[in-house]
Amino acid sequence: MSKVSFVIPYWKGPLYLTECIETIHQQDFKDYEIVVVKDLAGDEVPEEVTGDSKVSVYEAWPKSDEELEEERKEEAEEEKPGKGEGGPSEEFDGEPEPELEEDTEVKIRSRGVGFCRNVGLSHAEGEYVYFIDCDDYLPDSASIGSMVSLADEKKLDVVMGNVWRSWFSPRNYEANIEKLTKETEWDKPEPLSDETLREKLRLRFSVHNMLIRRDFLVKEEITFPEASRHHSDMWFVLRVLDYARNNCYTTGSIYVSRKRNDKVNLPALSQKERHACARDYVKQYRNCMEFIGDRDPILKEMLERYCVDFTLTRFSRIIYGNKLTRQYSSELMKMENFKEYKKKYSGPNRLKISFIRKSKFRLAKKAAKLNKFVSKKKGFFGSKIQWYRFIEKHIFKKMSLRTDWVLFESFFGKSYSDSPKYLYEYLQRTRGDKYKYIWVVNHESEELKRSGKHKVCKMNSLRYMYYLSRCGYRIFNVRQPVWSKKRPGVVFLETWHGTPLKKLAMDLEDSYAANPHIKTVFYTQGKEWNHLISANPFSTEVFARAFGYDKEKILEYGYPRNDILYAPDKDQIAAGVKKEFGIPEGKRVILYAPTWRDDQAYKPGAYQFTLALDLDRMRKEFGDNSVVLLRTHYYIADMLDMSEYEGFVFNGSQYEDVSRLYLASDILITDYSSVFFDYANLRRPILFFAYDYDAYADEIRGLYINMEKELPGPILRTNDELVQALHDINEITERYSDRYEEFYNRFCCVDDGHASERTIEKLFGENQ
């Protein structure tokens with residue numbers, strides 16, 4: 001077989017680059033070289049790459065003073081408001097994004113993907129070249145070999161394969177390659193012409209997964225345009241497809257285009273320079289249209305369709321409010337088949353693109369709002385919450401802000417519990433009627449009823465919208481709703497809900513959450529928090545990094561919910577809890593508190609759980625002197641039926657205050673739930689029943705601490721080991737005493753029973 005030169009432009013993300021190269025090395029095809037070209041103002045190439053015998057590393061060179069000056073003038077001119085246009089609009093569609101600042105260093109020094117690819121192409125020695133971005137990868141080991149075999153056999157200049165998109169790393173990519181290939185397979189490789197070309201270029205003008213004969217590129221003098229940092233693929237691919245006569249499409253190769261899910265710390269260049277991306281697009285589009293003319297009607301049609309799509313999706317976010325708007329408008333006016341192109345869009349989008357074409361940009365904005373209104377409500381009538389939000393925005397937020405109202409929320413209104421509960425009770429004791437207290441609770445709570453004077457509202461109700469808009473203080477233990485925007489003057493205290501064991505937000509490589517933009521959401525929502533509570537120095541460091549949060553605003557005061565663990569009457573509280581459940585006196589109470597598993601979500605926001613603890617065995621071994629107090633995660637609190645274990649298993653999953661359960665127990669069994677960080681304040685035995693530890697630690701989320709070396713108790717992987725440990729609990733307690741002490745000093749060093757006092761005096765003390 002012929003040799004392949006893989007050309008990889010590299011800007012930022014060393015892990016992305018190493019994973020990309022690993023998938024190349026895993027190919028069945030072995031006659032290849034890898035050419036990495038480092039763009040300027042980017043990360044250094046990792047040593048494991050530079051030391052790879054298959055890899056050659058080159059560097060782009062800086063722009064001349066003349067180029068920089070010309071670029072500055074061009075950007076300044078295009079960013080001026082056009083006639084009759086306003087400033088940048090609000091964001092209309094998609095997930096919330098942070099306001100990423102344009103990086104001056106990137107603008108000045110970065111050469112862009114096209115320039116780097118040309119450098120790589122100049123150094124390539126293979127018969128074929130294959131351009132792959134550093135954050136993408138090849139999930140199938142047969143991908144390249146199948147393309148080379150086809151190209152050699154049929155003497156092809158170009159072979160194009162499938163491109164799939166994913167948020168996940170190569171090891172977590174779960175696509176069934178056989179199924180994907182079978183579902184899209186052609187009877188035989190198809191020439192890239194007519195309908196095949198229309199189908200494959202419908203959503204992309206990209207060089208991704210194209211194997212190209214290098215002699216063909218040299219002969220036709222095809223290179224990437226270097227004047228733009230973005231959208232250089234259009235010009236390159238257009239010329240390749242126009243000049244190549246021997247080409248085909250095959251499903252025998254799959255390329256994964258990986259989306260970067262951290263736009264704050266590790267954005268793609270296109271995410272960092274959104275305006276420049278839109279500016280370069282229209283420039284390259286004009287060049288392509290001038291080149292293609294009437295040479296190839298299909299390619300011209302694909303360019304125009306892609307332009308309509310690009311304009312629609314970028315208008316509200318990026319293009320509106322400067323001279324770029326009129327450039328896009330003028331290009332749309334030139335399209336003879338515009339009416340045909342816009343037929344595929346919804347009514348509001350057809351209005352929007354028509355208004356843009358006619359330079360009626362303010363009307364286009366209104367059409368964009370209408371489109372959002374319809375799409376969010378899934379029709380013109382929508383759900384109650386959509387109308388409540390409309391009332392919130394246009395009525396409630398125009399009412400005065402009440403700085404003497406405090407809104408409390410714990411676990412999205414599921415319970416009267418956690419740190420907000422203890423902060424509220426401290427306020428009741430020390431401030432009384434000076435403030436009006438509002439609790440978000442979805443079900444009646446007898447304990448809340450007895451707590452003092454307050455108001456209640458259900459999550460996402462009209463009353464909830466009213467109080468969310470008007471309360472001068474918010475005290476939550478989870479993130480606020482994505483759509484909620486805090487008013488100026490509101491003081492927002494985020495207490496969070498535990499010392500982190502599992503990696504969070506920005507620290508996650510992949511995310512199994514329902515929202516793949518979770519890192520961006522965390523970043524934007526965290527900006528609204530005035531303060532964030534931490535229970536120890538470890539959490540302070542993690543929260544600052546994982547949430548992108550200002551360390552100076554973190555209150556390392558301990559968790560208010562742990563105050564009860566140091567209460568003078570904690571023994572009486574424990575006795576009261578046992579009485580509530582009907583637990584017989586003298587019985588040892590074993591608290592089992594497993595966490596939920598991210599990979600057991602079977603649809604967005606819906607979760608399942610399988611209890612791994614062998615309750616029959618537990619009852620047989622310990623039924624005479626012990627009981628099990630079960631506490632599952634709040635996501636799956638109502639999914640288990642324990643009626644057959646009456647008298648031995650007491651289900652505390654619906655019990656509002658887990659801190660009270662800690663006091664009532666003698667031993668804790670958990671796995672990856674952060675409950676053991678709080679429980680360690682009691683210095684009671686802890687066992688870790690981690691039956692899926694290997695898969696959980698390596699493949700799902702990853703952990704912050706080394707469980708094998710740092711936990712204050714043994715890791716038990718089978719029910720047999722767990723049962724034996726319970727029999728030998730005194731010996732285990734002695735064996736782990738030193739480690740327990742180290743753990744306590746690291747994670748329980750701040751809690752002392754006065755966290756609520758410190759927190760309330762910080763937030764409300766100045767008002768006294």
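**Buried faces, sheets and cysteines**

Me: In helix 30 (residues 719-727), what makes Leu722, Val723, Ala725 and Leu726 count as buried?

Reply: A residue is called buried when its relative accessible area is under 20%, exposed when it is over 50%, and partly exposed in between, with a 1.4 Å probe and only protein chains considered; Leu722, Val723, Ala725 and Leu726 of helix 30 fall in the buried class. The model is a predicted one, in which local features need pLDDT of at least 70 and side-chain atom pairs count only at pLDDT 80 or more, while totals for chains, interfaces and linings use all residues. Residues are numbered from 1 along each chain as its sequence is written, and side-chain values use heavy atoms, with hydrogens and water left out.

Me: How do you know where the buried residues of helix 30 lie around its axis?

Reply: Seen down the axis, they fall within an arc of 160 degrees, so they line one face of helix 30; the arc is taken from the directions that lead from the helix axis to the C-beta atoms. In an α-helix there are 3.6 residues a turn, so residues three or four places apart point the same way.

Me: What do the buried residues of helix 30 pack against?

Reply: With contact taken as heavy atoms within 4.5 Å, their partners are strand 15 (588-593), helix 25 (615-622), strand 20 (667-670), strand 21 (686-689), strand 22 (715-716) and helix 31 (729-735). Helices (H or I, at least four residues) and strands (E, at least two) are DSSP runs numbered from the N terminus, and on that basis the chain has 33 helices and 22 strands.

Me: Why is strand 3 (55-59) called an edge strand of its sheet?

Reply: The sheet is open, built of seven strands in the order 3-2-1-4-6-5-7 with mixed pairing. Strand 3 and strand 7 (247-258) each have a single partner strand, so one side of each is left without a neighbour in the sheet. From one strand to the next the twist averages 25 degrees, the angles being those between N-to-C directions of lines fitted to C-alpha atoms, for helices over the stretch in contact, on a scale from 0 to 180 degrees.

Me: Is Tyr16 buried or exposed, and how do you know?

Reply: Tyr16, which is found in helix 1 (residues 14-25), has 8% relative accessibility and therefore counts as buried. Leaving aside residues up to four places away in sequence, Tyr16 touches Cys134, Asp135, Arg258, Arg260, Asn261 and Leu266. Tyr16 and Cys134 are 118 residues apart in sequence, yet their C-alpha atoms are 6.0 Å apart in space.

Me: What makes the phi of Phe412 worth a remark?

Reply: Most residues other than glycine have a negative phi. Phe412, in the loop between strand 8 (402-409) and helix 19 (418-430), has a positive value near 60 degrees, and its 29% relative accessibility makes it partly exposed. Asn460, in the loop between strand 10 (455-457) and helix 21 (462-470), likewise has a positive phi, of about 65 degrees, and it is partly exposed with a relative accessible area of 29%.

Note on methods
Two strands pair if DSSP finds at least two bridges between them.
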